[in-house]
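The paragraphs below lead through the structure one part at a time. Please keep the sequence and the model in view while reading.

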Amino acid sequence: MNDIEERLRAALHARAQTYDISPGAWHEVRRRTERGGRARLWLPAALAVAVAAALVAPAVSRTDPPRPDAAADPVIDQLTAGSSPLGGPVTLDDPSGVELWFARGRQGEVEVCFRIDRPRSGGCRITAGFELSSQQALYMGTTEVAGAEEFVDYGVFRGEPATVTALTRDGSVVEGSMEQPPGAPMPIWSIPLKAADQVGEIRFTGAEGGQLAVLRRASLPDPPAPADPALTLPGGLLAYRAEGPEDVLFTRRGMPLGRTPLDPVQTPRLIPGEGLLFGVVSGATAHVTVTFHDGEKGVDTVPDPWGLGLALFALPDGETAMTSWAGLDASGTELWRVRTEVDEEYFTRWRIGEPVTVPGSEGSVGGPFRLWWADVPGQGRQVCGTLGCVPSSQDALGPSGARITTYLPEGAEVTRYGAAGEGWTSVTAVAADGRRFPGSFVRPPGAAYRLWFLRYPRDARIAAIAVGHGDGEKERLHPQ
Amino acid sequence: MESPTVARETPSFAELFASQYAAMVRLAGLLGADDPEDIAQEAFARLHRRTLRDAGSSLAYLRSTVCNLTRNRIRHLRIARLRRPEPPEPVPSGEHQALVAEQHRELLGALDRLPRRQREALVLRYWLDLSEREIAEAMGVSAGSVKTHMSRALATLRGTL
């Protein structure tokens, strides 16, 4: 496979991860088939379905069990703390007191945050996945609660503000609004709706009347059985049985966040969503710990209220990638451990020697970044990083290679790396304004060749990479 | 993390849904659908309403349906979007996806600009790892056409990047 094919594979793999899967998908397919009028036996398939459905997506529920009183929920504070606002907030005209704003997270990422007073809820959602997708409008949520006659749906939009409308059951049009406070990276849209309107779609129209986007309001999760108790978990999360009741459904402020089966012998199941990690484990598991690249978090489990001998948990997600999670019994003995390391096998198949960590990348989002040499069949030596491989042009052509943009707390940076030539003694990024950013070399353990890397601020305009050869010769400039 | 699915010669509809729904959503998205979930759900609904002569061909049927529905949807939207402004450049953000986007933006942009059939062939080959025969089946064209689409697409990408 050549370079373009390898890059294509990696790019498609990356983009594919940006498409969310709605927890209500199974219900929606079932609704469509029933609508088609052809009777056919639906297999009792909660377990199989949950494998696909236990993913996270924004979706709307029209009914939801009573919300927990989240007045004293430190997890909600954690979910919105630590971000710096980008522009002012937008307060929606709704009794729930919902407020939305953009923020820059601890590590430079852009987030859109919300806080709702009644019932109390809040959180932030990183916008990168939305930006990478081909979607122009993002549905973020609703203030709808069980029995509410009026509520507001809201989200964010890319591009010039557009007209937001919804068509009601009787054919009348409801108008929403868009607002982009100064400093906010994109507009926030909202639309006031009534339960009686049975709105199924929200439409976005451009200035010239062209349709820009359509958001569907998803079908309902099954409501809980009336006598079946719901369980309140940290973060304003509500768990109740549905589908049979062979599944447990997790919702938050009216939004289904995930669904997973209740096994007789419970397989540990963990679902990420809205800044939380939550799931179901065996009843013997008294404590769950999650290990991230930068540390560990833990939480005590809560026994299920349905007498199934299971336990549930919820805790805030970490800042870096998760590497494993484990269950401990009441005495602290580890009962099981599930490894969840990011699938780097794809990029590490042909590794030569041990990887090295890019200095300074430990604190960056998605970091730390690692580099290594690889001997790819048919392509020879390549320089590989956590995010992919590039050919090693370590000949006289000069510094070519890959770049990674990181967003550190101190500001965004670009890290570039590649294969170093035999006689290179220095590598320096030279900015158009004359600033110089010296790089350095590293030889991964066990590898016969060196790698170069350098870092500079993301806003620096790099005019050339200067390479020193240490043979009395001046630096050679390689224009960028 | 999840328990392995029990292997059977012919998976039930629910097992097929569990194992393939996410892939079909992503296939529709990669092919350019504006609402990938809608496409995937409709494909599964059509499969459920249909009795296939060969039960083992369900997956091929799904792939083909996703391709067709996406194609129709894009055709439908093309007229509505004639005056649609170009989306703005993504603003910097810090999630892992943003880092990936930074690396792949140019290539993905070039992929999006390819003719529809060429883009389909590349997505089916390099994301789903399908053989030429399987791609031909999903696209409803001959294996020879697949070869032509692929080679032209790769040549365009090489020339663009």
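In chain B, 63% of the contacts with a separation of 6 or more join residues 24 or more positions apart, a contact being heavy atoms within 4.5 Å. The model is predicted, so local features need pLDDT of at least 70 and side-chain atom pairs count only at pLDDT 80 or more, while totals for chains, interfaces and linings use all residues. Residues are numbered from 1 along each chain as its sequence is written, chains are lettered from A and ligands numbered from 1 in the order in which they are written, and side-chain values use heavy atoms, with hydrogens and water left out.

Chain B has seven helices and zero strands; helices (H or I, at least four residues) and strands (E, at least two) are DSSP runs, numbered from the N terminus. Of its 161 residues, 50% are buried, where buried means under 20% relative accessible area, exposed over 50% and partly exposed in between (1.4 Å probe, protein chains only). The chain exposes about 7600 Å², of which carbon and sulfur atoms supply 49%; these areas come from the Shrake-Rupley method with a 1.4 Å probe, and for residues only the protein chains shown count as cover.

In soluble globular proteins, nonpolar side chains tend to be buried together. Here the largest nonpolar core has 55 residues, and A:L8 and B:L122 have the most contacts inside it. Helix 1 of chain B, residues 13-30, gives the most to this core, with twelve residues. Such a core is a set of buried Ala, Val, Leu, Ile, Met, Phe, Trp, Tyr and Cys residues joined through side-chain atoms within 4.5 Å. Beyond its neighbours within four places in sequence, B:L122 touches residues of both chains, including A:L8, A:L12, B:W127 and B:M150. B:L122 is one of the buried residues of helix 5 of chain B. Because eight of the eleven residues of helix 5 (116-126) are buried, this helix is largely enclosed by the rest of the structure.

Chain A contains an open sheet of four strands in the order 5-6-10-9, with antiparallel pairing. Strand 5 (137-142) and strand 9 (177-179) stand at its edges, each with a single partner strand, so one side of each has no neighbour in the sheet. Strands count as paired if DSSP finds at least two bridges between them. Strand 6 (residues 150-157) and strand 10 (residues 188-194) of chain A are joined by seven bridges, and A:Y154 has A:S190 as its bridge partner.

Further along chain A, strand 11 (residues 201-205) pairs with strand 12 (residues 211-216) over five antiparallel bridges. These two strands form a hairpin with five residues between them, and A:G209 in the turn has a positive phi of about 90 degrees. Strand 11 is also joined by four bridges to strand 7 (residues 163-167), again antiparallel. A:I202 of strand 11 is the bridge partner of A:A166 and is itself partnered with A:L215 in strand 12.

Which residues form one aromatic cluster? They are A:Y139, A:F157, A:W189 and A:F204. Over all chains there are ten aromatic pairs. Rings of Phe, Tyr and Trp (its six-membered ring) pair if their centres lie within 6.5 Å; planes under 30 degrees apart are stacked, over 60 edge-to-face and the rest tilted. The rings of A:F250 and A:F278 have centres 4.7 Å apart and planes at 50 degrees, so this pair is tilted.
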